[in-house]
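Hi,

Here is the structure I promised to pass on.

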Amino acid sequence: MKVLNNIKAFGIKVLRLRGLKYVIVCILGVLIIGFLDENSVWSHMKNQGRISELQEEIDKYNAEHNKNQAQIRKLNKDPKAMEKIARERYFMKADDEDIFVLSDDDRSTNTFATNETAE
């Protein structure tokens with residue numbers, strides 16, 4: 001019992017200190033705001049990571065946009081470039097031409113199915 005009384009007396013002395021109360025309240029406030037609030041340090045770090053990912057995505061799309069703009073300028077200036085794209089991408093041809101599309105697909109040599117049954 002004497003130990004419990006000593007602990008109780010120590011607790012009462014600690015609680016009677018005026019400055020300690022304010023320190024405890026300030027520490028709890030900083031912990032709550034710093035880690036549990038929606039504007040906490042943790043959410044700020046997550047948002048910074050997300051911002052960097054989105055910035056990389058913006059840079060990627062800007063590079064793609066610049067490449068496409070250069071291609072559009074080239075198509076507007078040079079009719080041969082338009083013809084080249086029409087031939088390569090859309091398999092367009094002139095009236096007197098034939099187009100052969102070669103494929104590198106791995107096809108099995110046995111393409112014919114045998115439908116014979118043994119009697």
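**What I found**

The chain exposes about 12,100 Å², with carbon and sulfur atoms supplying 59% of that (areas by the Shrake-Rupley method with a 1.4 Å probe; for residues, only the protein chains shown count as cover). Just so you know, this is a predicted model, where local features need pLDDT of at least 70, side-chain atom pairs count only at pLDDT 80 or more, and totals for chains, interfaces and linings use all residues. Residues are numbered from 1 along each chain as its sequence is written, and side-chain values use heavy atoms, leaving out hydrogens and water.

There are 4 helices and 0 strands (DSSP runs numbered from the N terminus: H or I of at least four residues for helices, E of at least two for strands). Of the 119 residues, 5% count as buried (under 20% relative accessible area; exposed is over 50%, partly exposed in between, with a 1.4 Å probe and protein chains only).

Ser-40 sits in the loop between helix 2 and helix 3 (41–77). Is Ser-40 buried or exposed? Ser-40 counts as buried because its relative accessibility is 3%. Leaving aside residues up to four places away in sequence, Ser-40 touches Ile-33, Gly-34 and Phe-35 (contact means heavy atoms within 4.5 Å).

Leu-31 belongs to helix 2 (residues 18–36), and counts as partly exposed because its relative accessibility is 42%.

Finally, Lys-60 lies over the face of Tyr-61, 4.9 Å from the ring centre (the criterion is NZ of Lys or CZ of Arg within 6 Å of the ring centre and within 35 degrees of the ring normal).

Cheers
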